[in-house]
Amino acid sequence: MDRRLRITSNNPGGNMERFSIREVIEQAIQTEKLGHKFYTTMAERFKENEGMIRLFETLAVKELLHEKAFSKLKETVGGDEPEGWEEVSQYLRAIVESEFFLGKEKSLPSLEHVKTVEDAINFAIGFEKETLLYFYTIKDMVKEKEVIDEIINEERGHIMWLNSFGKAVNSEM
């Protein structure tokens with residue numbers, strides 16, 4: 001059974017929408033799509049830098065693989081919500097709705113501020129960190145922890161690649 005967003009009344013300021021477990025995984029899928037779009041955009045933006053193209057194209061491919069893994073996971077999870085789901089759901093919604101994660105338009109934030117290689121790397125590291133927070137929380141809520149662990153390990157690897165690349169770029173300046 002796929003539960004749709006429900007309105008709960010425990011928010012004194014008004015109603016708080018709540019994600020179902022399947023919707024949380026769908027958000028993870030959308031996050032990976034946003035990551036792919038970001039890395040593809042950055043590869044194009046910095047096409048004069050061969051290292052940036054390789055880095056961002058590699059990361060874009062990884063994001064597509066993660067999207068497929070989450071899609072498979074979504075097919076396997078049931079409709080039952082784990083214990084403590086209400087609080088977790090609200091926490092995940094706060095992450096998803098943060099301006100950094102999705103931006104004001106609930107899509108990839110404006111990338112106009114990304115003008116240099118350093119800007120691109122710093123933004124990418126920040127995005128990957130936000131994604132990790134989200135994925136760690138999902139991991140606590142699903143039985144298929146090994147799937148999430150694999151993706152988390154890769155996302156951490158992305159941060160390390162980006163950090164190393166950023167240090168190399170800064171040492172060239």
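Phe38 and Phe56 are both buried, where buried denotes a relative accessible area under 20%, exposed over 50% and partly exposed in between (1.4 Å probe, protein chains only). For Phe38 the relative accessibility is 1%. The model is predicted, so local features require pLDDT of at least 70 and side-chain atom pairs pLDDT 80 or more, while totals for chains, interfaces and linings use all residues. Residues are numbered from 1 along each chain as its sequence is written, and side-chain values use heavy atoms, with hydrogens and water left out.

Six aromatic pairs are found in a search of the whole structure; rings of Phe, Tyr and Trp (its six-membered ring) pair if their centres lie within 6.5 Å, and planes under 30 degrees apart count as stacked, over 60 as edge-to-face and the rest as tilted. The ring centres of Phe38 and Phe56 are 6.3 Å apart and the planes stand at 75 degrees, so this pair is edge-to-face. Phe38 belongs to helix H1 and Phe56 to helix H2, 18 residues apart, and the pair thus links distant parts of the chain. Phe38 also pairs with Phe123, with centres 5.1 Å apart and planes at 45 degrees, so that pair is tilted. Here the link runs from helix H1 to helix H4, across 85 residues. Phe123 is buried at a relative accessible area of 7%. One aromatic cluster is formed by Phe38, Tyr39, Phe56 and Phe123.

Beyond four places in sequence, Phe56 is in contact (heavy atoms within 4.5 Å) with Tyr39, Met42, Ala43, Ala120 and Leu162. Of its 42 residues, Phe56, Phe70, Phe135 and Leu162 touch the most other members. At least two residues of this core come from each of H1 (21–45), H2, H3 (85–97), H4 (117–141) and H5 (145–172). The most is given by H4, with eleven residues.

Helix H2 covers residues 50–76 and includes Glu67. Its 27 residues should span 39 Å at 1.5 Å a residue, and the end C-alpha atoms are 40 Å apart, which agrees; the expected span is 1.5 Å times one less than the number of residues. The N-terminal end of H2 is capped by Asn49, a side-chain oxygen of which lies 3.0 Å from the backbone nitrogen of Gly51. Among the buried residues of H2 are Gly51, Glu63, His66 and Glu67. The relative accessible area of Glu67 is 17%. Glu67 is in contact with Ile29, Glu32 and Lys33, leaving aside neighbours within four places in sequence. The C-alpha atoms of Glu67 and Ile25 are 9.9 Å apart, at a sequence separation of 42 residues.

The protein chain has five helices and two strands, these being DSSP runs numbered from the N terminus (helices H or I, at least four residues; strands E, at least two). Along the sequence the pattern is β-β-α-α-α-α-α. Of the 173 residues, 45% are buried. Residues 24 or more positions apart account for 74% of the contacts with a separation of 6 or more.

Mean pLDDT (the predictor's confidence in each residue, from 0 to 100) is 77 for the protein chain, and 79% of residues reach 70 or more. Among the elements, H2 has the highest mean pLDDT (90) and strand E1 (residues 6–8) the lowest (27). Over residues 1–16 pLDDT stays under 50. Where pLDDT is low, the predicted coordinates should not be read in detail.

How values were computed: Polar contact = N/O pair within 3.5 Å; in protein donor to acceptor, adjacent residues only side chain to side chain. Core = buried A, V, L, I, M, F, W, Y, C linked by side-chain atoms within 4.5 Å.
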